[in-house]
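Subject: Structure handover

Hello,

Here is the structure I promised to pass on. Please open it alongside this message.

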Amino acid sequence: MSEPIIKVENLWYQYPESNFWALRGINLEIRRGELIALIGQNGGGKSTLAKNLNGLYKPTKGRVLVEGMDTKEVPTQEIVKRVGYVFQNPSHQIFESKVYDEVAYGPKNFGLSEDEIAERVEWALSLVGLQGYEDVHPYDLDYGKMKLLTVASVLAMKPDVLVLDEPTTGQDHRGRWILADLSKKLNREGFTIVTITHDMRYVAEVAKRTILIANGQIVMDGPTRKVLTALDILHKAAIKPPQVVQLAHALREKGIDAGDPLTVREALEEFKRLFKK
Amino acid sequence: MSAGISLLKRTAVEANTIFQRLDGRVKFLYFIWATVLVYIFYDPYLTLAFLIVTLAMAAYAKVFKPIAMTLLIIIVPWIILGVLILALPFGFPWNKTVIGYINVLGYRLPVYLEGLGWGITWPLRISVAISSALFFYLTTNQAKLVATLFKMKVPFKAIYMIIATFQFIPLLFDEANTIIQAQISRGLKTDVGVLQRIKNYLAVVIPLTISALNKVQTRAITLESRGFSAPVKKTFLYEARLTAADWAFLGIMAAVTVFLAWVYVTIGYSPVAHLQWIWA
């Protein structure tokens with residue numbers, strides 16, 4: 001197994017001017033090439049944990065090591081080169097008047113040469129399928145493409161780890177599908193992906209590992225199939241599993257073993273097997 | 001987060017002391033009254049007395065800390081700078097009475113009474129205005145504030161503008177915070193020179209403006225969908241009424257006003273420090 005790219009050791013986090021612990025003793029290892037979903041109720045600590053991973057927040061207690069660097073000791077600018085964070089709302093980061101400039105903003109901040117910047121912009125735009133849009137005003141793009149633009153603008157910094165905050169929120173079916181597909185594609189390209197999401201269908205279709213967070217603590221961490229079929233634990237954390245999982249569970253209660261499908265495709269295979277029986 | 005932001009973030013008053021229960025109009029009147037009086041008189045001791053009384057009330061009402069923090073940030077540096085510039089021979093035109101000498105970097109400089117008085121009194125006057133205004137704001141919850149302003153015949157739309165500002169500014173600060181985080185995640189450097197810092201502002205101001213416009217538009221639609229502009233007389237959950245405590249507070253203010261009027265007439269505008277108007 002590869003070395004952890006991020007190590008979280010007994011992380012406690014308290015927001016300034018608050019007496020409430022948003023994170024309480026998180027221990028976590030993220031290895032190169034993983035595709036992880038962070039799930040949990042609103043206010044459970046998902047985003048707080050993710051912002052600790054890229055140095056935006058510094059641990060109140062404990063430590064976070066990114067490629068061996070302690071985020072408390074190393075400036076955030078160094079950490080964000082390694083852990084990119086795509087924010088939920090595209091309008092929180094888009095400010096340039098051309099798609100090209102928007103994507104070039106990060107590499108420019110790193111002081112790269114014009115040639116290197118151009119190469120990275122082209123590469124990032126091609127990864128998200130936005131080639132040809134270089135001269136378009138970002139706010140003339142539809143919401144789905146704006147989201148892809150924000151992903152490209154972080155990709156252009158070539159981080160090892162990409163944190164996607166609620167990538168499918170506000171997306172139509174096609175937008176959801178594009179982003180799910182993009183997550184898998186980026187993971188195949190070698191990026192380690194951590195996705196914060198409430199979209200259980202996305203989790204089922206995309207994530208290899210799922211971490212369930214509630215009240216600032218990790219409640220469950222394991223292969224996605226194991227987490228999404230732990231119905232009692234999910235119920236306690238107020239998480240509804242994908243409908244396919246619910247259907248398989250309901251059938252099992254009726255004495256029909258439809259296996260443990262997570263996706264519609266898997267369910268179809270299970271039903272085919274059942275009908276053959 | 002700065003003290004100013006945390007101040008504006010305060011939308012409800014948790015404590016329930018006599019000052020929270022006082023009618024908002026009375027506390028607003030106190031703010032105007034104290035501010036006007038410290039401007040009529042020219043006496044740092046008297047002004048300091050007003051400040052101490054206001055801070056004592058704030059401490060009792062459990063809102064001392066945010067007010068003290070604000071004064072510490074705004075007033076203390078002002079006094080330090082103001083006194084140095086005005087009391088020493090750096091060109092304050094009304095300086096004439098030398099009250100002593102100090103050594104600054106090997107130079108023996110005269111200290112002028114006029115500059116010293118002016119340099120201390122002005123920030124103290126502002127302190128009284130700020131602390132009494134914050135005392136009013138921090139001890140009056142928004143429902144009572146709306147009712148109070150309505151009783152004061154402030155037009156409903158103007159009341160909404162005031163309340164919306166109080167609600168909107170903290171939201172905008174939260175929004176700006178998220179935007180700064182998003183840009184830091186893309187390598188925005190915050191420890192840079194002035195020129196770069198101005199350029200950095202664009203990366204925050206543009207998304208913030210767009211986001212604010214969107215929020216305002218959404219708010220306008222939701223307000224209208226709930227009858228904001230309905231041509232009817234508005235009613236309020238909370239009715240502003242003066243109680244015995246309000247009348248007692250007003251009585252004390254009236255008595256102090258009479259006393260200070262007598263002081264002004266018999267002793268003058270600087271009854272304790274005996275300063276002269278600087279242009280006198």
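This is a predicted model: local features need pLDDT of at least 70, side-chain atom pairs count only at pLDDT 80 or more; totals for chains, interfaces and linings use all residues.

**Where the chains meet**

Chain B puts 19 residues into the contact, and chain A puts in 22 residues. Which elements of chain B give two or more residues to the side that touches chain A? They are helix H8 (156–184) and helix H9 (194–225) of chain B. By type, that side of chain B has 10 nonpolar residues, seven polar and two charged.

**A helix pair in chain A**

Look at helix H4 (residues 114–128) and helix H5 (residues 143–155) of chain A. Their axes come within 9 Å and cross at roughly 140°. Angles over 145 degrees count as roughly antiparallel. H4(A) and H5(A) are therefore oblique to each other. Their crossing is right-handed.

H4(A) brings A:Ala124, A:Leu125, A:Leu127 and A:Val128 to the contact. H5(A) meets them with A:Leu148, A:Val151, A:Ala152 and A:Leu155. What kinds of residue make up this contact of H4(A) with H5(A)? Eight are nonpolar, with no polar and no charged residues.

**A helix pair in chain B**

Next, take helix H3 (residues 24–40) and helix H4 (residues 44–60) of chain B. They pack at an angle of about 160°, and their axes are 9 Å apart. That angle makes H3(B) roughly antiparallel to H4(B). The crossing of H3(B) and H4(B) is left-handed.

From H3(B), the contact uses A residues as well as others: B:Ala34, B:Leu37 and B:Val38. From H4(B) come B:Thr47, B:Phe50 and B:Thr54. Four residues of this contact are nonpolar, two are polar and none is charged.

Helix H6 of chain B covers residues 113–139. At 1.5 Å a residue, its 27 residues should span 39 Å. The C-alpha atoms at its ends are 38 Å apart, which agrees.

B:Glu114 lies in helix H6 of chain B. This residue counts as buried because it has 22 C-beta neighbours inside 10 Å, and the cut-off is 20 or more. B:Val128 is 14 residues from B:Glu114 along the chain, and their C-alpha atoms are separated by 21 Å.

Helix H10 of chain B runs over residues 244–266. Its 23 residues should span 33 Å at 1.5 Å a residue, and its end C-alpha atoms are 33 Å apart, which agrees. How many of the 23 residues of H10(B) are buried? The count is one, and H10(B) is hardly covered. B:Gly268 follows H10(B), with a positive phi near 130°.

**One tryptophan in chain A**

A:Trp21 sits in strand E2 (residues 21–31) of chain A. It has 17 other C-beta atoms within 10 Å, so A:Trp21 is partly exposed. Leaving aside residues up to four places away in sequence, A:Trp21 touches A:Trp12, A:Gln14 and A:Gly216. A:Lys61 is 40 residues from A:Trp21 in sequence, and the two are 10 Å apart in space, C-alpha to C-alpha.

Best wishes

Note on methods
Residues are numbered from 1 along each chain as its sequence is written. Chains are lettered from A and ligands numbered from 1 in the order in which they are written. Axes are lines fitted to C-alpha atoms, for helices over the stretch in contact, and angles run from 0 to 180 degrees between N-to-C directions. Helices (H or I, at least four residues) and strands (E, at least two) are DSSP runs, numbered from the N terminus. Angles under 35 degrees count as roughly parallel, over 145 as roughly antiparallel, 65 to 115 as roughly perpendicular and the rest as oblique. A crossing is left-handed if the near helix is turned anticlockwise from the far one by less than a right angle, and right-handed if clockwise. Two residues are in contact if their C-beta atoms, placed from the backbone, lie within 7 Å. Ala, Val, Leu, Ile, Met, Phe, Trp, Tyr, Cys and Pro count as nonpolar, Asp, Glu, Lys and Arg as charged, and the others, Gly among them, as polar. The expected span of a helix is 1.5 Å times one less than its number of residues. A residue is buried if 20 or more other C-beta atoms lie within 10 Å of its own, exposed if 12 or fewer, and partly exposed in between; C-beta atoms are placed from the backbone.
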